[in-house]
Amino acid sequence: MIRFIPRERTPVWLTVAVSVGAGLAALLLTAIPLALSGAPVLGAFVLMAKGALGDGFALAETLTRATPLIFTGLAAAVAFRAKLWNIGAEGQLYAGALATVALGAGLIEAPAYVLVPLVLIGAALAGAALLLVPVLFKTRFGADEVVVTLLMNFIVLLFVQMMLEGPMKDEMAMGWPQSAPVLDEATLPKLITGLRLHWGLVIAVISALLLHVFITRTVWGFRIRAVGENARAARYAGLPVGKAMALVGLLSGGLAGLAGASEVAGLKGYLTADLSPGFGYAGIVVATLANLSPLGVIPSAIFVAGVFVGADSMSRAIGVSNYLADLVVALALLSVLVGGLLTRFRIVLVRREAV
Amino acid sequence: MLWSALDILTQANFWAATIRIATPLIFGVLGALLCERAGVLNLGIEGIFVAGAMSGWLAVYLGLPLWGGVLVAAGTGALFGLLHGILTVPLGLSQHVTGIGVTLLATSVAYFGYRVAFPNVATPPRIEAFPPLDLPVLGDLPFIGPILAQQTAFTVLAFACVGILALILARTPLGLALRAVGDNPEAVEAQGLSVVGLRIGAVMAGSALMALGGAFLTLSAFNAFYFGMINGRGWVCIALTVFASWRPGKALLGALLFGALDAYQLRLQTITGGAVPSQIFLMLPYVFSIAALVLVARRADYPRALMKPYFKGQR
């Protein structure tokens with residue numbers, strides 16, 4: 001008979017091993033549908049690895065794709081730490097992107113050292129404000145935030161489409177529903193000329209470091225963790241649970257909003273309704289793979305980004321659908337959840353008589 | 001203008017559309033409430049809708065009869081339900097995150113499978129979908145007749161499921177055990193019944209119902225599979241489940257109300273003739289779902305053991 005015995009402490013190496021193992025397990029499991037589809041399994045994986053990490057250009061593409069995923073991964077990590085189930089990062093990303101265009105595409109003319117921070121703050125506030133609505137519904141009315149944030153994603157996307165076909169439409173765009181481009185002064189510069197990699201990555205990494213320090217080293221960080229571990233105990237201990245939840249909402253929504261700003265001001269230059277191919281949802285996978293650790297989000301986002309970039313490149317080469325990447329990512333999420341049992345419990349085989 | 005807005009309600013077409021839009025939601029809400037009554041939140045619903053829509057359609061495309069496609073969809077749903085059940089019941093993993101994982105997995109399996117089957121098609125291939133009902137006497141009734149004549153046998157199945165599930169939950173020992181396992185699993189254990197078995201069974205059956213909701217779209221409402229065709233319908237069902245306070249009868253009411261609202265906004269769009277952006281109307285169903293959830297949330301009588309994993313011999 002198998003027994004789960006809760007662990008007092010989990011060694012760091014085990015947590016890391018579980019995440020790496022889950023990534024590998026996901027790739028291994030994906031070999032099954034890949035083989036069923038009749039594609040050369042090994043060849044496809046080699047092409048994926050080459051496409052994601054093969055040369056400097058591929059690596060830069062992977063890091064470019066990882067940038068929004070670090071932001072949405074952090075957004076999910078901080079929220080899930082407090083057991084605030086924010087599944088609305090996708091919508092908050094678009095809110096941030098809308099704010100970026102609203103502020104950065106000509107409304108305000110200022111030098112870059114004013115306009116760039118202004119755009120980033122505006123985007124973070126937009127994302128945060130959007131998440132405050134479900135947080136308020138949760139604390140005031142007891143409405144489940146999962147459903148509300150999920151449904152708000154659809155509302156926000158429709159709102160973006162409305163703005164792009166109406167007041168925010170770029171008249172110079174030959175009828176395409178897209179916004180006017182952001183000004184040069186609002187643009188995040190490229191890190192290396194000739195590549196798409198931009199300063200958004202640096203901001204994302206700094207955000208991860210700051211969030212790590214905040215959660216592990218400050219009073220409010222401790223309160224957030226306490227609320228997540230046991231909200232009732234936290235309330236008995238006199239912790240301001242409502243305020244902690246609101247703070248988590250602001251942080252999580254703000255980080256997701258920054259993902260939108262980074263994509264618009266750093267990569268695309270303007271807003272379209274297909275800005276995000278599900279970065280918000282992938283952020284949940286990134287955060288879970290990272291065991292909700294802000295620092296872990298960085299390698300985890302790079303892994304997920306690599307899977308997507310690699311699958312795109314493999315798909316172009318041998319025509320296997322790039323939905324393979326979504327398969328790997330979904331399997332990685334489920335694998336790491338199962339693997340997480342190893343970090344929370346010692347699993348002991350006992351003989352029936354001994355029970 | 002006001003007159004034509006009211007006139008919509010007298011059109012048989014509007015009521016027929018209401019039922020058509022409500023049908024997948026009836027399946028979805030029944031499935032969600034069955035899982036939740038047994039104590040398991042199943043956020044895999046959105047993906048299970050996609051997988052049901054795709055697998056049921058593909059089975060018919062490959063030559064199975066329509067009802068064969070319905071069975072294949074139900075089986076696909078039950079399989080994903082089994083996965084969700086094993087991960088959340090005996091292993092006790094987070095029902096929220098596992099559900100999202102199941103949604104991602106089921107969606108990507110369906111999309112990948114579709115792309116493997118049809119690598120380069122520009123227009124989605126079609127099947128011969130469920131034909132409208134041919135009713136001898138009812139079809140000749142004034143007003144009601146044309147509404148019924150636009151429905152298919154698949155819709156009849158949805159309405160039948162409402163009655164069957166209500167009966168099972170309220171009147172049978174199995175129903176009692178299912179309700180108890182979501183309220184007080186200790187009591188079920190004391191009866192000598194298996195909490196794990198009951199919960200996994202309920203999640204599998206519920207997921208099969210959800211998959212039927214998806215299959216209705218590809219086998220009855222339309223005759224092809226499109227990417228993104230589910231478009232949040234599954235999430236709407238989760239909201240409607242709370243609105244229906246986990247009762248099959250109220251689930252039917254909630255789904256019909258939602259269907260009416262959706263059918264109404266579609267017709268209102270043509271009346272306003274572009275004066276109001278179409279997106280405003282398209283937002284209404286989602287706004288309505290959130291509003292319904294917020295309104296009932298305070299007095300919602302959640303199954304008491306919902307989202308609480310149960311381990312034998314542990315308090």
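**A walk from strand pair to chain contact**

Start in chain A, where strand 1 (residues 2-6) and strand 2 pair in the antiparallel sense over 5 bridges; strands here are DSSP runs of E, at least two residues, helices are runs of H or I, at least four, and both are numbered from the N terminus, while pairing takes at least two DSSP bridges. This is a predicted model, with local features needing pLDDT of at least 70 and side-chain atom pairs pLDDT 80 or more, while totals for chains, interfaces and linings use all residues. Residues are numbered from 1 along each chain as its sequence is written, and chains are lettered from A and ligands numbered from 1 in the order in which they are written.

Within that pair, A:V348 is the bridge partner of A:R3. Strand 2 of chain A (residues 345-349) lies largely in the open, because 0 of its 5 residues are buried (20 or more other C-beta atoms within 10 Å of its own, C-beta atoms being placed from the backbone).

Now look at helix 2 (residues 41-53) and helix 12 (residues 294-318) of chain A, whose axes come within 7 Å and cross at roughly 120 degrees. Axes are lines fitted to C-alpha atoms over the stretch in contact, with angles from 0 to 180 degrees between N-to-C directions.

Finally, turn to where the chains touch: 34 residues come from chain B and 38 residues from chain A, contact being C-beta atoms, placed from the backbone, within 7 Å. On chain B's side, helix 5 (95-117), helix 11 (233-243) and helix 13 (278-297) each give two or more residues. Helix 5 of chain B gives the most, with 13 residues.

Technical notes
Two residues are in contact if their C-beta atoms, placed from the backbone, lie within 7 Å. A residue is buried if 20 or more other C-beta atoms lie within 10 Å of its own, exposed if 12 or fewer, and partly exposed in between; C-beta atoms are placed from the backbone.
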